[in-house]
Structure formats: structure tokens, C-alpha cells
Amino acid sequence: MLRKRAEDILDMTDKTIGEFQSLNDVTGGDVRIGCAESWLIHHLAGVIKDFRLQYPGLRFHITSGDTRVVVNDLEQGLSDFTVIVEPPDLSKYNYLSLPGGDTWGLLMRADNPLAQKTEIYLEDIQNLPLIISPQSIRTDLPRWCSEAVDQLNIIGTINLFYNGSIFVKEGLGCLLVFDRLVDVSPENGLCFRPLSPKLETKMYIIWKKYQVFTPIAERLVELLKERFS
């Protein structure tokens, strides 16, 4: 019986050693990430690029959407972590802040008279047909113009800024949007002017507290902590 017990202990030891060795043998795997639209995502892309040099078998899967969409995916276990543009619920999530912030402004056709201005004030847009995301109506615009949000002429909502820019190009209205998300080169016929006073939004990487990651996702999160803590 003692011999049998000793053999069981040896088997368990070998299994444990094998598990640790398999962790050391990780070369890749799938990581699923929910992302809000933002130029600040380039910080995440840079980390993933460096990470793939060490783990060339990494496959990343990006799902884009507003905070409600990507957080719902996180809650349903469809993503490993998520990048959002609202302060996280600290009772439910661990988080990291991405450097910098997104600057809000008005995207318009280059032939719009407001294109001659360097900054856009509330009185400039009160009578304009405006397009904006539902999330921004709830969380961002009130920080900029308080109760005057109700006085704006919001003719439509979008959840992907690129699609909104097509509506602007067609002359349907102007888009309230982050800087550096839409091509505003002269040949594209669009221009961007920042809001005044300045309105800025931070980005956060979040994951569920006590979340169990796959080995590859855990290593990526550890690298993100090193870069952004």
C-alpha cells in the first residue's frame, strides 16, 4: 500500500511538472479583444506587435463597438479583455489606462463655412444637423455643454465613426467625433476642428476580476501591465 501511495505521489509530481513545462512551451494561441474606436488603440497594437515576436503563433481577434457592446461580450466570456472609453466599474473590473486621450471635435465637409474656424464653440453647432454616437450623448457631451445637450439638433446616431463620415461626405450633417479617426486629407473633402473648451476622453483596458485567462492571454495581459501600469 505504501508502494502504491508512493507511485501515486510520483505520478502527481510528474503531472505537475508536465503542466509547468507546457506553460513554458507556449508559442501562441487565440486572444479575443473588444475595442472601442480610437486612435489610442495604436498603443495596444504596438504591444501586440512586440508580443508576436516572442509568441509568433499568437492570433488576435478584434471586435469593435461601443462600450455596451464590448462589455457585454466580456461578461459573456466572448473576449479576454476589452478596451473602453468610459471609466470602468471598479467593483467588477481590473483596469489599465492607455496613455493620452482622444480629443473631440466636429467633422464636416471642407466647404462648410465652419471649416474656416480653428475651434468650434457651442453656439457654432446649436443649429447644425448633428450625428453622434448614443454613448457620447449620455456620457461625453454633458461634460462639455451640460444641459444644453437637449438644445442640439441631433438628426441621427451611429456606433462606428467611419460610417458616420460617409453620411457627412454626402451632406447629411456634421459628425461629433474623436480626432484622427477619419481621413481629412484635402482629396477626401472633409475637415476636423476641435471643440472649445477642449473635450477629451480617456481609454481603459479592462478585464473581469478573478478572471481565468488562457496561458497566452495571461502573458499578454502581464505585458500590458508592464507597459501601462
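Let me start with Gln-135, which sits in helix H5, the helix covering residues 134–139, and please keep in mind that everything I describe comes from a predicted model. Is Gln-135 buried or exposed? Its relative accessibility is 4%, and because buried means under 20%, Gln-135 counts as buried. If we leave aside residues up to four places away in sequence, Gln-135 touches Asp-66, Thr-67, Val-85, Glu-86 and Asp-140.

Now let us turn to the surface, where Ile-155, Tyr-162, Ile-166, Phe-167 and Leu-172 form a nonpolar patch, and together these residues have about 480 Å² of accessible area. Which helix gives the most to this patch? That is helix H7, made of residues 161–169, which contributes three residues. Tyr-162 is found in helix H7, and with a relative accessible area of 53% Tyr-162 is exposed, because the cut-off for that word is over 50%.

How many disulfides does a search of the whole structure find? The search finds zero. Cys-191, for instance, is in no disulfide, and the nearest cysteine sulfur, which belongs to Cys-174, is 8.6 Å away, whereas a disulfide calls for sulfur atoms within 2.5 Å. Cys-191 is also buried, with a relative accessible area of 8%, and Cys-35 is buried as well, with a relative accessible area of 3%.

How values were computed:
Residues are numbered from 1 along each chain as its sequence is written. This is a predicted model: local features need pLDDT of at least 70, side-chain atom pairs count only at pLDDT 80 or more; totals for chains, interfaces and linings use all residues. Side-chain values use heavy atoms; hydrogens and water are left out. Helices (H or I, at least four residues) and strands (E, at least two) are DSSP runs, numbered from the N terminus. Buried means under 20% relative accessible area, exposed over 50%, partly exposed in between (1.4 Å probe, protein chains only). Contact means heavy atoms within 4.5 Å. Patches are made of residues with over 30% relative accessible area and no salt bridge: like charges are joined within 9 Å, nonpolar side chains (Val, Leu, Ile, Met, Phe, Trp, Tyr) within 5 Å. Accessible areas come from the Shrake-Rupley method with a 1.4 Å probe; for residues, only the protein chains shown count as cover. A salt bridge is a side-chain nitrogen of Lys or Arg within 4 Å of a carboxyl oxygen of Asp or Glu.
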